[in-house]
Amino acid sequence: MLQIQTIRERKEAIIEAMKKRNFDVTSLLESALDLDVLRRKTQADNDTLLAEMNKLSKEIGQLYKSGEHQKAEILKAKTSQIKEDIKNLSEILEKAKNELQEILYQIPNIPHDLVPFGKDDTDNEEVFRHGDIMEMDDDALPHWELAKKYDIIDFDLGNKITGAGFPVYKGKGAKLQRALINYFLDKNEEAGYREMQVPHLINEASGYGTGQLPDKEGQMYVVERDNLYLIPTAEVPVTNLYRDVMLTYKDFPIKNTAYTPCFRREAGSYGAHVRGLNRLHQFDKVEIVRLEHPDNSYKALDEMVEHVKQILIELGLPFRIVRLCGGDLGFTSVMTYDFEVYSAAQKRWLEVSSVSNFETFQANRLKLRFKDKDGKKRLAHTLNGSSLALPRVVAALLENNQVKEGIKIPKALHKYINFTLID
């Protein structure tokens with residue numbers, strides 16, 4: 001979340017910047033500032049009374065020691081009223097703090113200057129493209145038909161066991177999943193990321209820490225009895241490893257990677273564009289997460305973009321990179337680059353990765369700080385990216401690599417798999 005000090009200093013600039021999100025944040029900022037004034041005044045009044053209380057306590061002790069019991073009792077009676085005033089102020093202070101926190105949770109991150117104006121994904125800005133768009137024969141099949149033809153992914157079985165959006169991978173389909181996961185993890189490790197295995201369930205504090213709560217509460221699966229949430233991405237548990245942690249500037253960069261299944265309700269997603277692997281409720285993803293010194297986070301963002309770019313080039317998939325416009329930008333992000341691979345049979349672009357810089361937004365929620373060279377405590381910058389999300393990568397690999405004999409496996413995966421053709 002935004003720091004209240006930032007809102008105090010940059011209110012008008014924030015209001016202007018939020019226009020990129022098509023969001024009028026004026027009333028929220030004004031409410032936050034009013035509560036901040038109340039909080040600071042109440043805190044100051046409370047501190048004054050506490051100081052007076054301490055002073056009287058010392059005086060009362062001295063009076064008792066000197067035998068002036070009557071004067072001591074008079075002062076003691078005065079402290080009773082001060083205690084009552086302190087109690088009342090403490091209640092007002094706690095209420096103001098909680099209300100301020102709830103308002104700050106509703107304010108999205110400030111878009112970077114480079115983020116373009118726009119309403120939705122049609123206004124995103126293409127910044128890079130690689131590979132030729134393939135022209136497939138008229139009899140080319142979409143991945144859901146290829147999956148059935150070669151018996152590698154069964155959507156009906158998943159529907160039987162759980163429901164729509166929970167596919168079963170079979171035989172060479174399961175092996176392809178495993179090969180991609182290992183390949184992605186190895187590529188990330190080669191780039192300096194440390195592999196982590198993390199829980200697939202998180203508590204409420206973790207959800208608030210990275211910004212899934214309260215913003216995406218309706219999109220998450222909840223285990224109500226235990227008040228736990230199934231993770232929508234490995235970003236959440238991996239970043240929360242550093243909640244309430246004090247680092248030093250020498251610790252940066254911190255680079256972690258993790259494979260996890262991911263769970264998303266995807267409420268309101270309907271239509272042909274969500275068929276097959278295009279949108280699932282459970283899917284596999286390998287994530288990269290970085291903690292950075294604020295001076296280096298945009299260099300780190302560029303490095304992450306370049307890293308994902310090289311993986312897609314090795315897989316031989318045509319892809320493009322788009323900078324998200326304000327209307328398509330995630331709640332917690334300052335700037336996001338989406339990677340989209342081209343699906344030759346569907347003749348459309350499929351998002352396979354988002355790489356984002358959150359600056360201090362998550363760190364402020366997480367209380368993730370570091371001591372700089374001068375000993376000053378500062379908030380770290382957090383970044384994350386998909387490296388990569390499997391479903392649409394698999395969809396594009398199946399469709400783009402279909403030939404008369406079957407489906408060719410990209411050379412980059414050969415050492416991870418004991419076949420080179422799905423037939």
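**Entry 1: the cores**

I take a nonpolar core to be a set of buried Ala, Val, Leu, Ile, Met, Phe, Trp, Tyr and Cys residues joined through side-chain atoms within 4.5 Å. I note at the outset that the model is predicted. With that criterion I looked up the largest nonpolar core and found 58 residues in it. Leu 180 and Phe 184 are the members that touch the most other members.

I next looked up the contacts of Phe 184, leaving aside its neighbours within four places in sequence. The partners are Val 286, Ile 311, Leu 315, Ser 387, Leu 388, Leu 390 and Val 393.

**Entry 2: the sheet**

I traced an open sheet of 8 strands with mixed pairing, in the order β1-β11-β12-β13-β16-β10-β9-β4. Which strands stand at the edges? They are β1 (125-130) and β4 (194-196); each has a single partner strand, so one side of each is left without a neighbour in the sheet. On average, neighbouring strands of this sheet are turned by 25° against each other, direction ignored.

Within the sheet I examined β13 (residues 348-359) and β16 (residues 381-389), which pair in the antiparallel sense over 4 bridges. I also looked up the bridge partner of Ser 356 in β16 and found Asn 384.

**Entry 3: helices against the sheet**

I recorded that α6 (residues 172-190) lies across β4, β9 (254-263), β10 (282-292) and β16. The direction of α6 runs at about 5° to β10. Helix α9 also packs on the sheet, touching β1, β10, β11 (319-323), β12 (335-343), β13 and β16. The direction of α9 makes about 5° with that of β16.

For α9 I checked the length: its 19 residues reach 27 Å from the first C-alpha to the last, close to the 27 Å expected at 1.5 Å a residue. I then listed buried residues of α9, including Ser 297, His 307 and Lys 309 as well as Leu 301, Met 304 and Ile 311. Gly 316 follows α9 and has a positive phi, near 75°.

How far apart are the end C-alpha atoms of α2 (residues 26-65)? I found 58 Å, which agrees with the 58 Å that its 40 residues should span at 1.5 Å a residue. Just after α2, Gly 67 takes a positive phi of about 85°.

I applied the same check to α3 (residues 69-105). Its 37 residues should span 54 Å at 1.5 Å a residue, and the end C-alpha atoms are 53 Å apart, which agrees. Buried residues of α3 include Ala 72, Leu 75, Thr 79, Ile 82, Leu 93, Ile 103 and Tyr 105. I looked up what covers the buried residues of α3 and noted, among others, α1 (4-17), α2, α7 (204-210) and α10 (361-366).

**Entry 4: overall values**

I counted 11 helices and 19 strands in the protein. The C-alpha atoms fill a box of roughly 105 × 45 × 40 Å along the principal axes. Of the 423 residues, 51% count as buried. Among contacts between residues at least 6 apart in sequence, 73% join residues at least 24 apart. The accessible surface comes to about 20,900 Å², and 47% of it belongs to carbon and sulfur atoms.

Conventions
Residues numbered from 1 in each chain as written. Predicted model: local features only at pLDDT ≥ 70, side-chain atom pairs only at ≥ 80, totals over all residues. Heavy atoms only, no water. Buried < 20%, exposed > 50% of the residue type's maximum accessible area, 1.4 Å probe, protein only. Contact = heavy atoms within 4.5 Å. Helix = DSSP H or I, 4+ residues; strand = E, 2+ residues; numbered from the N terminus. Expected span 1.5 Å × (residues − 1). Pairing = 2+ DSSP bridges. Axes fitted to C-alpha atoms, helices over the stretch in contact; angles between N-to-C directions. Areas by Shrake-Rupley, 256 points an atom, 1.4 Å probe, with all protein chains shown as cover.
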